[in-house]
Amino acid sequence: MRLRHSTAAMTAAVLLTVGCGTDTPDKSTGSTQASSTTQSAPAPPPAPAEPLTAKQVLDKLTAAELGLTSGAVQDEDTDPNDLLGRPNGYTSRASADLPGADKQADKYGVDRGLVVEVFTAAEDVERRAKYIQDSLRSMPILGTEYHYRADHGRVLVRVSGKLKPTQAKKIEAAVLGL
């Protein structure tokens with residue numbers, strides 16, 4: 001018991017001594033120097049690397065042998081949503097056909113298989129995915145989509161809801177492996 005009180009008293013004394021560092025004027029410059037007990041702030045986390053492009057994602061998904069065909073990278077003339085390069089839009093976009101999807105659907109549309117949309121920030125992907133899912137919920141006649149994210153949340157892979165769930169799971173696994 002006596003040892004515990006002594007240890008507590010000694011710890012308190014050390015803490016008070018350390019906490020009472022003095023600022024002494026530097027006579028040569030007239031400035032005040034802080035004691036040497038200050039700590040530097042932790043380094044900020046490293047910024048993520050440049051986002052993948054839609055073409056890079058499409059190439060990796062094609063290499064995963066998921067059955068993708070007719071892969072195409074959209075430009076501002078072929079982007080069906082007119083969001084490529086625009087404010088709040090994506091920085092690149094690609095699409096491909098998948099077995100089980102609608103081959104008669106609009107060219108470059110998600111109903112043909114899948115679409116890859118790349119944004120500068122994960123928040124933009126969240127906003128886009130929420131907008132699409134809210135629209136589909138409010139108008140069920142439009143169908144359904146699976147959504148998967150990659151590359152620190154900056155890539156949205158949209159997959160036609162016409163695909164069987166087992167096929168969609170394979171795509172999800174490939175996207176998670178990017």
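What is the volume of the largest pocket? In this predicted model, the largest pocket has a volume of about 460 Å³. Its setting is described below, beginning with the overall fold.

The protein contains 4 helices and 7 strands. Followed along the sequence, these elements are arranged in the pattern α-β-β-α-β-β-β-α-β-β-α. The chain comprises 178 residues, and 34% of them count as buried.

A total of 21 residues line the largest pocket. Those that lie nearest its centre are Asn81, Val110, Asp111, Glu145 and Arg158. When the lining of this pocket is divided by class, 9 residues are nonpolar, 5 are polar and 7 are charged. With 5 residues, helix α3 supplies the largest share of the lining.

Helix α3 spans residues 122–138, and a loop lies between this helix and strand β6, which covers residues 145–150. Ile141 is located in that loop. The relative accessibility of Ile141 is 83%, and this residue therefore counts as exposed, since the term applies to values over 50%. Ile141 also belongs to a nonpolar patch on the surface, which is formed together with Met139 and Leu142. The accessible area of these three residues together amounts to about 350 Å².

Terms used
Residues are numbered from 1 along each chain as its sequence is written. This is a predicted model: local features need pLDDT of at least 70, side-chain atom pairs count only at pLDDT 80 or more; totals for chains, interfaces and linings use all residues. Side-chain values use heavy atoms; hydrogens and water are left out. Patches are made of residues with over 30% relative accessible area and no salt bridge: like charges are joined within 9 Å, nonpolar side chains (Val, Leu, Ile, Met, Phe, Trp, Tyr) within 5 Å. Accessible areas come from the Shrake-Rupley method with a 1.4 Å probe; for residues, only the protein chains shown count as cover. A salt bridge is a side-chain nitrogen of Lys or Arg within 4 Å of a carboxyl oxygen of Asp or Glu. Helices (H or I, at least four residues) and strands (E, at least two) are DSSP runs, numbered from the N terminus. Buried means under 20% relative accessible area, exposed over 50%, partly exposed in between (1.4 Å probe, protein chains only). On a 1 Å grid over the protein atoms alone, a cavity is a set of points where a 1.4 Å probe fits but cannot get out, and a pocket is an open set with protein on both sides within 12 Å along at least five of seven lines; lining residues have an atom within 4 Å of a point. Grid points are joined across faces, edges and corners, and a volume is the space filled by probe spheres set on the points. Ala, Val, Leu, Ile, Met, Phe, Trp, Tyr, Cys and Pro count as nonpolar, Asp, Glu, Lys and Arg as charged, and the others, Gly among them, as polar.
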